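Here is a short tour of one protein model. Please have the sequence and the 3D view open as you read.

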Amino acid sequence: MGRELMFIGLAFLLCGLFARAGSRIGLPTIPLFVAAGILVGPNTPGVVLFEHPEDLELLAAFGLIFLLFYLGVEFSVEQLTAGGSKLLAAAGVYLLLNIGGGLIMGFAIGWGTREAVVIAGVTGISSSAIVTKSLVELHRMNNPESGLIMGIIVIEDLFLALFLAALAPILGNADSFGEGALLFLRAAAFLIVLALVARYGVGAVERVISSDNDELLVLLFVGFALLVAGAAYQLGISDAIGAFMAGLVLAGTAAAHRIEKLVRPLRDAFGALFFFAFGLSINPNQISTVLVPATIAIVVTAILALVASIVAARLNGLDRQATANMAALLAARGEFALILVTLAVAAGLDEQLSPFVAVYVLVLALASPILAHRSHLLLWFIPARLVPDIVPAEG
């Protein structure tokens, strides 16, 4: 027991020290957690502090659950509807370009249909954590483009749940079309039931989990999140989608804002271990075999983010600088990509997905916030005939 406690404590300390060092030069925390795991893992030359990454498997699962649960609680229907049809169109263009580009790229790499679908998900969804954190750090929350950015992030979070449901046959490792269809229907039914609970049963759930005492509230919502995640797993569905839907149900309760605040320390602590454990599983020797496709994926993502941002800007009447800000931030990839590849490899898909996604995420998670600081550099790639330099004020 003492040895295990020391290793867990060391993992937390390494994550904290790496993140603290990186924050001094403005780097996001997620790639630093992954880098810390790579450096001290069993696949990297030098001192091996964690010879058995599986020792952190349960705690890493908690990290996955709290990350997705937080996204569910954070989801706001008001945010989604505030932008109206223009927001939906902008988000639809963004998802269509990036999901479609990722799918084509996955087939071009030649790993197989299942891997191609996973790559489409990896390339299709931005990092909510990095985008939100960057907006706060850059003091841009009141910028005209920030509402659109957050609206797109919210729609991506909703799409995440649907995408994971669609992936049920893949992540469930179905042996036949019929079994795959059954897994999808089971996942869809699970989503529908929880969506109905979120719409009509919030009062009953609220009576179960509500408490004026923060300590009791933590116990109750953590129990609810783990129970729903576990039920999803038992049904052959990802525990990640169960956690997301549990959060979505609680987002409609009066305690939602308190829950969002109280779950953040759990999300941050166990989420760091999730990314750290992912780093432990990466073999740097395999990176050279995926460097070319990963580089192509990075370039394609940057181009598609710029194209989608130009379309979104034209739909919503934004200027060139706002377009550049949006393109830089929405290119960030992070938690969902790592969550998805972890589930994919656990389901028996090609192990080269891990180093491919590691390179892809590390580069974009580092480049996006840095580029966001210097987004004026992207103005060279935004034609003035497509997006005006300054949008005239109404009236």
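The notes below cover a helix pair, a nonpolar core and a serine in a loop.

## About the model

This is a predicted model, in which local features need pLDDT of at least 70, side-chain atom pairs count only at pLDDT 80 or more, and totals for chains, interfaces and linings use all residues. Residues are numbered from 1 along each chain as its sequence is written, and side-chain values use heavy atoms, with hydrogens and water left out.

## Helices H3 and H13

Let's start with helix H3 (residues 57-74) and helix H13 (residues 239-250), whose axes come within 6 Å and cross at roughly 35°. Helices here are DSSP runs (H or I, at least four residues), and axes are lines fitted to C-alpha atoms over the stretch in contact, with angles from 0 to 180 degrees between N-to-C directions. The crossing is right-handed.

On the H3 side, the residues that meet H13 include Leu64, Leu68 and Phe69; contact means heavy atoms within 4.5 Å. The residues of this contact divide into 12 nonpolar, two polar and one charged.

## The nonpolar core

Leu68 and Phe69 are also among the residues with the most contacts inside the largest nonpolar core, which has 129 residues. Such a core is a set of buried nonpolar residues (under 20% relative accessible area, 1.4 Å probe, protein chains only) joined through side-chain atoms within 4.5 Å. Not counting residues up to four places away in sequence, Leu68 touches Leu160, Ala240, Ala243, Phe244 and Ile339.

## Ser211 in its loop

Ser211 sits in the loop between helix H11 (202-209) and helix H12 (214-234). Ser211 counts as buried because its relative accessibility is 16%. A polar atom of the Ser211 side chain lies 3.1 Å from the backbone nitrogen of Asn213.

Conventions. Helix = DSSP H or I, 4+ residues; strand = E, 2+ residues; numbered from the N terminus. Left-handed = near helix turned anticlockwise from the far one by under 90°. Nonpolar A, V, L, I, M, F, W, Y, C, P; charged D, E, K, R; others polar. Buried < 20%, exposed > 50% of the residue type's maximum accessible area, 1.4 Å probe, protein only. Polar contact = N/O pair within 3.5 Å; in protein donor to acceptor, adjacent residues only side chain to side chain.
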